[in-house]
Amino acid sequence: ALIKCQRKNGTLVKYTNYFAEYDSNFLEYRNKSIRLLEIGIQGGGSLSMWKEYFPKGKIVGIDIDDYTYLEALLDVHIFTGDQADQNFLSSIPSSFDIIIDDGGHTMTQQQTSFRCLFPKLNEGGLYVIEDLQTSYWPNFGGGYTTIDMLKDMIDDINDWARKSHRAGFFRSRKPSVDNGIRSITIADSI
């Protein structure tokens, strides 16, 4: 179920199952001085939520629309640009402990953001892509989907097993992302 609620500083729209996933995965970061980047801020409701959830955190947002007027109100930093623009994403300074992609949800946007921003993730950090169900919706890009990209990463993590004598074959393939990913967690649409 989708929840839409008006917060003091903007509207928040999230699937209800996201909150349990976030609490389970983000709890250890809650009272630490983390840096969180959210792509797609849609008026600031989620930035306000993250500021409350991570009281010691530095919260940064990216949106194609200009929401910089929220910076002083929410005590956050906002960059205005297109998440499918590699040059824009490369210009985002610093590194992050958590990156959440809640942007436009097209395959190009999700995959470009991942390829450009994942290297800015601190070791042990979390990269979250919301609304993965759009991989099954042709209007969001089709072709090589974000789910396909994640499946390839699962293969990359377990590449050693394909080379094992127990596999009975060796399927040679260049890994899609050479980044030291330790694990991938998938939940409903996230």
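The lining of the second largest pocket splits into ten nonpolar, ten polar and seven charged residues (Ala, Val, Leu, Ile, Met, Phe, Trp, Tyr, Cys and Pro count as nonpolar, Asp, Glu, Lys and Arg as charged, and the others, Gly among them, as polar). The model is predicted, so local features need pLDDT of at least 70 and side-chain atom pairs pLDDT 80 or more, while totals for chains, interfaces and linings use all residues. Residues are numbered from 1 along each chain as its sequence is written, and side-chain values use heavy atoms, with hydrogens and water left out.

A pocket here is an open set of points on a 1 Å grid over the protein atoms alone, where a 1.4 Å probe fits, with protein on both sides within 12 Å along at least five of seven lines; lining residues have an atom within 4 Å of a point. The second largest pocket comes in at about 380 Å³ (the space filled by probe spheres set on the points, which are joined across faces, edges and corners). Of its 27 lining residues, D102, G103, G104, H105 and D131 sit nearest the centre. β2 (10-15) gives the most to that lining, with three residues (strands are DSSP runs of E, at least two residues, and helices of H or I, at least four, numbered from the N terminus).

The largest pocket has a volume of about 830 Å³. Its lining counts 31 residues, with G125, L126, Y127, S183 and I184 nearest the centre. β7 is the top contributor, with nine residues. By class, that lining holds 19 nonpolar, eight polar and four charged residues.
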